[in-house]
Amino acid sequence: MINVRKELLDAADSKYKDFNKKLIPNVDESRILGVRIPQLRKIAKKLDNDNFDWHYYEEVMLHGFYIGYAKLEFNERLSLLDKFIPIIDNWAVCDCVCSTLKFINKNQSAFLDYLGKYMKSEKEYELRFAAVALMDYYINENYADFVIDYYKSVKSDFYYVNMAVSWGLCTAFVKYRDKVLPLLESKTLSKEIQNITISKIRDSYKVDKDTKEYLKALRAQ
C-alpha cells in the first residue's frame with residue numbers, strides 16, 4: 001500500500017499551486033498542494049484501496065480517479081460514487097473525474113438510470129456532475145435527443161451548472177447541429193445558457209464562419 005499523503009507532498013509544486021489557486025478560486029488555498037493532473041493519475045493507478053484522507057483537493061481528486069481506474073464491479077463503482085459526488089466542491093474535480101469514468105461507456109443504460117437522481121438534484125456540483133457526465137458519454141446516436149432535452153429543461157441560478165450545460169450544448173451542436181440549432185433559434189433556454197452556449201460555439205474551430213455570424217443574432221437580450 002502506498003503512502004498517499006507522502007506521494008502528494010513529494011510531487012507538490014508551489015508554482016503550480018499558485019496557478020491552480022487562480023483556476024479554482026472557491027477552494028481554500030490551504031487545501032491545494034500543487035500536484036499536476038498527470039502525476040495524480042500516475043498515483044491513482046497505483047492505488048489498491050481508497051482508505052486515505054479527503055482533506056486536500058488532490059486527495060479528493062484521487063478518490064474520484066480511483067473509482068475510474070480500480071478493478072471494481074459496476075455496483076461497487078456506484079457505491080463509491082455515492083460517497084464521492086456529494087464531496088465535490090469545484091469544477092476541476094468534477095470535470096477531471098467525469099472524464100476518467102470510462103466504465104460508463106460499457107454500462108450506458110444502467111448508469112443513466114443511476115444518474116437520474118443527480119440530474120434532479122438541487123446542489124450545484126451534483127447537477128454539474130450530471131451535466132458533464134451526459135456530455136462526456138451520452139452525446140451519441142442513442143442518447144443525443146435525451147441529453148439535449150435534459151439540457152433544455154435546466155433552469156438554474158448556479159454559474160457552474162449553466163457553464164456545464166452550455167458546454168454540453170456546444171459539444172452537441174458540433175455533432176448534431178440540426179438538433180441544437182432549432183433550440184437556439186427558439187430562444188427557450190435561460191438567457192445565461194443561451195448566450196454562453198452561443199459564445200462557446202462561436203469559439204469552436206469546428207464551426208464555420210457563416211454559422212458563427214448567424215448565431216450572433218440569436219443572443220438573448
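1. **Ground rules.** This is a predicted model, in which local features need pLDDT of at least 70 and side-chain atom pairs count only at pLDDT 80 or more, while totals for chains, interfaces and linings use all residues. Residues are numbered from 1 along each chain as its sequence is written, and side-chain values use heavy atoms, with hydrogens and water left out.

2. **Thr100.** To answer the opening question, Thr100 sits in the loop between α6 (91-98) and α7 (108-119); helices here are DSSP runs of H or I with at least four residues, strands are E runs of at least two, and both are numbered from the N terminus. Thr100 has 4% relative accessibility and therefore counts as buried (buried is under 20% relative accessible area, exposed over 50%, partly exposed in between, with a 1.4 Å probe and protein chains only). Setting aside residues up to four places away in sequence, Thr100 touches Arg41, Phe65, Gly68, Tyr69 and Tyr137, where contact means heavy atoms within 4.5 Å.

3. For pairing, ring centres of Phe, Tyr and Trp (its six-membered ring) must lie within 6.5 Å; planes under 30 degrees apart are stacked, over 60 edge-to-face, and the rest tilted.

4. **Other aromatics.** The structure holds twelve aromatic pairs. There is also an aromatic cluster made up of Phe74, Phe103, Phe111, Tyr114, Tyr118 and Phe129.

5. **Ile32.** Here is another loop residue worth a look: Ile32 lies between α2 (14-23) and α3 (37-44). With 1% relative accessibility, Ile32 counts as buried. Beyond its neighbours within four places in sequence, its contacts are Lys17, Asn20, Lys21, Ile24, Val27, Tyr56, Tyr57 and Glu58. Asp18 is 14 residues from Ile32 in sequence, and their C-alpha atoms are 9.0 Å apart.

6. **Lys187.** Which residue other than glycine has a positive phi, near 55°? That is Lys187, located in the loop between α11 (177-186) and α12. As background, most residues other than glycine have a negative phi. Lys187 is partly exposed, with a relative accessible area of 43%.

7. **Tyr205.** The next loop, between α12 (191-203) and α13 (209-216), carries Tyr205. Tyr205 counts as exposed because its relative accessibility is 74%. Val174 lies 31 residues from Tyr205 in sequence, with 9.9 Å from C-alpha to C-alpha.

8. **The whole chain.** Stepping back, the chain has 13 helices and zero strands. Its radius of gyration is 19 Å, close to the 17 Å that the globule rule gives for 221 residues, so the chain is as compact as a globular protein of that length; the radius is taken over C-alpha atoms, and the rule is 2.2 Å times the number of residues to the power 0.38. The C-alpha trace spans about 55 × 40 × 30 Å along its principal axes. Of the 221 residues, 53% count as buried.
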